[in-house]
Amino acid sequence: MADHVHAAGWLAWDASGRAPDTLYYGEYRNSGPGAAVGGRVSWPGHRIIKLPEEAMEFTVGRFIGGYSWLPPTGVAFVAGLTV
């Protein structure tokens, strides 16, 4: 992530400065100058994912079932995690 990413990492959806409590904001293995998580938002839905098994749940293959419908479209995709 480039250095133009603010330390908070996320922006509120409205003027309240909060995010909806029903949302999940996950980060996994970010790198680069904007990836430091020390100043991230403190919303209930924000989480630093540490285990690849948890991150896999949010991949194209699992989260949106990419294997079942993307191949016929011809769109290139990576179903799992990348290095």
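How much of the chain over residues 1-66 is helix, how much is strand, and how far apart are the end C-alpha atoms? Over that stretch the chain is 14% helix and 12% strand, and its end C-alpha atoms are 25 Å apart.

## The model and the record

This is a predicted model: local features need pLDDT of at least 70, side-chain atom pairs count only at pLDDT 80 or more, and totals for chains, interfaces and linings use all residues. Residues are numbered from 1 along each chain as its sequence is written, and side-chain values use heavy atoms, with hydrogens and water left out.

Residues 1-66 carry a UniProt annotation, "domain: Pectinesterase catalytic", from an unreviewed entry. UniProt positions are given in the numbering used here, feature names are shortened, and annotations may be inferred rather than shown by experiment.

## Overall build

The chain has three helices and two strands. From the N terminus on, the order is β-β-α-α-α. Helices (H or I, at least four residues) and strands (E, at least two) are DSSP runs, numbered from the N terminus.

The chain has 83 residues and a radius of gyration of 15 Å; a compact globule of that length would come near 12 Å. The radius is taken over C-alpha atoms, and the globule rule is 2.2 Å times the number of residues to the power 0.38. Along the principal axes, the C-alpha atoms fill a box of roughly 40 × 30 × 25 Å.

## Surface and contacts

Of the 83 residues, 22% count as buried. Buried means under 20% relative accessible area, exposed means over 50%, and partly exposed lies in between (1.4 Å probe, protein chains only). The accessible surface of the chain is about 6000 Å². Carbon and sulfur atoms hold 61% of that surface. Areas come from the Shrake-Rupley method with a 1.4 Å probe; for residues, only the protein chains shown count as cover.

Contact means heavy atoms within 4.5 Å. Among contacts with a separation of 6 or more, 43% join residues 24 or more positions apart.

## Salt bridges

What number of salt bridges does the structure hold? The count is three. A salt bridge is a side-chain nitrogen of Lys or Arg within 4 Å of a carboxyl oxygen of Asp or Glu.

Glu 27 pairs with Arg 40, their closest N and O atoms 2.8 Å apart. This pair links distant parts of the chain, 13 residues apart: Glu 27 is in strand β1 (residues 25-28), and Arg 40 is in the loop between β1 and β2 (46-49). Are these two residues buried or exposed? Both Glu 27 and Arg 40 are buried.

Glu 54 and Arg 47 also meet in a salt bridge, at 2.6 Å from N to O. Arg 47 has 40% relative accessibility, so Arg 47 counts as partly exposed. Arg 62 and Glu 57 form a salt bridge at 2.8 Å, N to O. Arg 62 is partly exposed because its relative accessibility is 48%. Glu 57 is partly exposed too, at 42%.

## A nonpolar patch

Tyr 24, Phe 58, Phe 63, Ile 64 and Trp 69 make a nonpolar surface patch of about 540 Å². Patches are made of residues with over 30% relative accessible area and no salt bridge: like charges are joined within 9 Å, nonpolar side chains (Val, Leu, Ile, Met, Phe, Trp, Tyr) within 5 Å. Phe 58 sits in the loop between α1 (52-55) and α2. Its relative accessible area is 41%, so Phe 58 is partly exposed.

## The loop between β1 and β2

Arg 29 lies in this loop. Arg 29 is not a glycine, yet has a positive phi of about 50°. At 57% relative accessibility, Arg 29 counts as exposed.

Ala 36 is in the loop as well. It is exposed because its relative accessible area is 53%. Ala 36 and Ala 55 are 19 residues apart in sequence and 18 Å apart, C-alpha to C-alpha.

Val 37 lies in the loop between β1 and β2. Its relative accessible area is 37%, so Val 37 is partly exposed. Not counting residues up to four places away in sequence, Val 37 touches Glu 27 and Ile 48.

## Two spans from Val 37

Val 37 and Gly 9 are 28 residues apart along the chain, with their C-alpha atoms separated by 7.8 Å. Val 37 and Gly 65 are 28 residues apart along the chain, with 29 Å between their C-alpha atoms. Gly 65 is in the loop between α2 (60-63) and α3 (66-69). At 22% relative accessibility, Gly 65 counts as partly exposed.
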